[in-house]
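The sequence and the model come first.

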2 protein chains.
Amino acid sequence: MKKLINSPETVVTDALAGMAAAHPSLSVDIENRVVTRADAPVAGKVGLVSGGGSGHEPLHAGFVGYGMLDAACAGEVFTSPVPDQIVIATTAVNGGAGVLHVVKNYTGDVLNFQMAAELAADDAIEVASVVINDDVAVQDSLYTAGRRGVGATVFVEKIAGALAERGASLAEVAAVAAEVNERSRSFGVALTSCTVPAAGKPTFDLPETEIELGIGIHGEPGRTRAPLRPARDIAAAAMDAIHADLPLQGDLLVMVNGMGGTPLIELYGVWNEVSRYVTGHGARVTRNLVGNYITSLEMQGFSVTVCRLTDALAELWDAPVETPGLRWGR
Amino acid sequence: MKKLINSPETVVTDALAGMAAAHPSLSVDIENRVVTRADAPVAGKVGLVSGGGSGHEPLHAGFVGYGMLDAACAGEVFTSPVPDQIVIATTAVNGGAGVLHVVKNYTGDVLNFQMAAELAADDAIEVASVVINDDVAVQDSLYTAGRRGVGATVFVEKIAGALAERGASLAEVAAVAAEVNERSRSFGVALTSCTVPAAGKPTFDLPETEIELGIGIHGEPGRTRAPLRPARDIAAAAMDAIHADLPLQGDLLVMVNGMGGTPLIELYGVWNEVSRYVTGHGARVTRNLVGNYITSLEMQGFSVTVCRLTDALAELWDAPVETPGLRWGR
């Protein structure tokens, strides 16, 4: 295992300490592994809390800041955060208007956020939850009942975060989060595996000439293995899977996301194919992201996430955001 | 070779087409491989042109936009752009106030930018050049006489770009670019090699238990190979090399840059060590970047770049920038 780390035991806390050192806009509780906006709680604003296993950076802590999340809870690599962490985060960002939990659909995450929501309710904090389940690749995968939650999480955090910043109610913020999730679909492809530091060996084996279509962000098996082929065909396979589930139409927000080890020159090549595919199917990409947003350690590969926009969603997407991982002017 | 590409022959143009599709703020001449701001030339503003081999994305085309570069020329992967491209870019962004060429110190780049500057002068375009040579690792490396130009290029493009945006003269913009270069030092470390698509095999071999200290951005040999060790020690080795060349003091702008295949969780861990090192040596990090800014395809590893700030340089660093690769509000 060749990694830039001090030890498998400290990889998460070392990174959190690095985030604290790099970003004064964040308040980092290293012991509890909770990252909050330094100005939390924002009085009268709905608080947004997300979290999950580490190894997907910038998700989630990199999306804490103005216009997006109020807090993120970091689990061990590819391991759910525990309820205590989530309660600490929920309490810290409760500005009196309630707190929305943004939860990726993995069994551990769902259970732990649910337990945390109940504990927070005991403390008279109103909590709503949205469970993200945008991955069209498989049903009932390893770790998950139903569909996995992947790239749409970034869209939900951005758009619901923007609405919360405007003073919307918890019900309104939860509704827009659910709406974005319902309108979004994703599909991932791996060229290589990745190595969880504590495991010390690759999560799965993938021969030099094969790719995994429909990969999960923890290296969960996808739909099928196939021979390596031109990016054009790989992108089309991903888009076919999405289009079959939710036909492309109208104005779309589309992300081509790197899995962590994919060079940007390749992501732009994939973007070219994805954008041609969309146009060829009579829809329009009106907003986009190309880069590393929800990663799987050093895995090579990409995922594509499509959201059918409405004018209201597009306007919330465009709203200012100030986080380490996503930033445009306010 | 496992890559998300259509073919080695089209990897650069496919990526440029993707950039064009993703970023309407850019005007992309795919045939000539020149990326300009869509609003170029900006009348009365000094134009900034950079370029170099592809495979270092987001450098350079990802830094084209308000407050940074006016144009970038993309060579083949790890190959200098040709003079014709550079002349086209120089002409396109000449708003009447002259053009600054930002050139990384590699023999091919230096020669081709020089020839282009002479050709542009024949067309009565005033051109100044700054050659970036911040890499302390080695002198007279493969491809280079003197020191290589690496991470400081990002700082120069940002800071000189900000000054140009304010209407400074060509002499002033060239002077600040030279000043940033003189005040900056870099050092890179590779955990793995990378594969140039047209070559089809790794540029060099690095055993599973060894790292290369002082690596160049094209995989040029560094100072030494050493056993893999904790990130703390690797970061210290990089910082020792920089500190020995230009002692850390005062306010610093510091970048921990991923080589393309390094997960962000590891870069933040390295950042933690780098920032401790700086503090331990009595200096202060007052500005920072952590992420992928000048990459080497899918290489795993990092580089660190340090610039001794002045108040004026810090203020130019903070000025608004709107590019695909670096963005904060105006």
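## Positive phi values

Phe78(A) is buried, with a relative accessibility of 17% (buried means under 20% relative accessible area, exposed over 50%, partly exposed in between, with a 1.4 Å probe and protein chains only). The model is predicted: local features need pLDDT of at least 70, side-chain atom pairs count only at pLDDT 80 or more, and totals for chains, interfaces and linings use all residues. Residues are numbered from 1 along each chain as its sequence is written, chains are lettered from A and ligands numbered from 1 in the order written, and side-chain values use heavy atoms, without hydrogens and water.

Most residues other than glycine have a negative phi, and most peptide bonds are trans. Phe78(A), not a glycine, has a positive phi near 60 degrees. Its place is the loop between strand S4 (71-77) and helix H2 (83-93) of chain A; helices (H or I, at least four residues) and strands (E, at least two) are DSSP runs numbered from the N terminus.

Leu297(B) is also not a glycine, and its phi is positive at about 50 degrees. This residue lies between strand S11 (284-291) and strand S12 (301-308) of chain B, in the loop, and is buried at 2% relative accessibility.

## Cis peptide bonds

Ala40(A) and Pro41(A) are joined by a cis peptide bond with omega near -5 degrees. Pro41(A) belongs to the loop between strands S2 (34-37) and S3 (47-54) of chain A.

In chain B, the bond from Glu57(B) to Pro58(B) is cis, with omega about 15 degrees. Pro58(B) is in the loop between strands S3 (47-54) and S4 (71-77).

## Chain arrangement

Chain B superposes on chain A by a rotation of 180 degrees with 0.0 Å of shift along the axis, at RMSD 0.0 Å (least squares on the C-alpha atoms of residues with pLDDT of at least 70 in both). This is the relation of a two-fold axis.

Of the interface residues of chain B, 100% are also interface residues in chain A, so the copies meet through the same surface (contact means heavy atoms within 4.5 Å).
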